[in-house]
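Hi,

Here is the structure I said I would pass on. Have a look at it first, and then read my notes below.

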Amino acid sequence: MRHYELMVLVDPEVDERTVEPTLGKYMELIKKDGGTVDEVDIWGRRQLTFEIQKKTEAIYAVVNFHSTPDSAKELDRLLRLNETILRTKIIRPEEFKVA
């Protein structure tokens, strides 16, 4: 299992209280494949540096999890299909990479 960090930008028209349960549904994919979700951190509504789909702000969420590379790739694919999600980015933090 590898450590990943996922950042999600959610449409600001969505109610902030629904962001965590929605992400939880996607995190079930990780748990089903034997991974773990370590932390879900909702940063809230923030101003964007540049417009994305004519939106000037978004709801930011960061998720730390452990999974296989295939599960992370599938999670990213499924998140991109959701119309309320403006952007996603999955990275492997430097301190967890093996040389």
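Predicted model: local features only at pLDDT ≥ 70, side-chain atom pairs only at ≥ 80, totals over all residues.

Strand β2 (residues 36–52) and β3 run antiparallel, joined by eleven bridges. Strands here are DSSP E runs of at least two residues, helices are H or I runs of at least four, and both are numbered from the N terminus; two strands count as paired if DSSP finds at least two bridges between them.

Residues are numbered from 1 along each chain as its sequence is written, and side-chain values use heavy atoms, with hydrogens and water left out.

Back to β3, which has a partner in β1 as well: they pair in the antiparallel sense over nine bridges, with H3 standing opposite H66. Ten of the 13 residues of β3 are buried, so the strand is largely enclosed by the rest of the structure. (Buried means under 20% relative accessible area, exposed over 50%, and partly exposed in between, with a 1.4 Å probe and protein chains only.)

Zooming out, the chain has two helices and four strands, in the order β-α-β-β-α-β. Its radius of gyration, taken over C-alpha atoms, is 13 Å, which agrees with the value near 13 Å for a compact globule of 99 residues (the rule is 2.2 Å times the number of residues to the power 0.38). Buried residues account for 39% of the chain. Of the contacts between residues at least 6 apart in sequence, 73% join residues at least 24 apart, where contact means heavy atoms within 4.5 Å.

Now the inside. A nonpolar core is a set of buried Ala, Val, Leu, Ile, Met, Phe, Trp, Tyr and Cys residues joined through side-chain atoms within 4.5 Å. The largest one has 19 residues, and L6, V8, L23, F65, L75 and L79 touch the most other members. The elements giving two or more residues to this core are β1 (2–10), α1 (19–32), β3 (55–67) and α2 (69–81), and α1 gives the most, with six. Apart from this core lies another of six residues, including L9, L48, Y60 and L86.

L79 is a handy residue to start from. Leaving aside neighbours within four places in sequence, L79 is in contact with L6, V8, L23, Y26, I85 and T88.

T88 is buried, with a relative accessible area of 13%. The side chain of T88 makes a polar contact with that of D76 at 2.7 Å. (A polar contact is a pair of N or O atoms within 3.5 Å; within protein, one must be able to donate a hydrogen and the other to accept it, and residues adjacent in sequence count only if both atoms are side-chain atoms.)

Beyond four places in sequence, D41 is in contact with Y60, A61 and V62. The C-alpha atoms of D41 and L79 are separated by 17 Å.

Cheers
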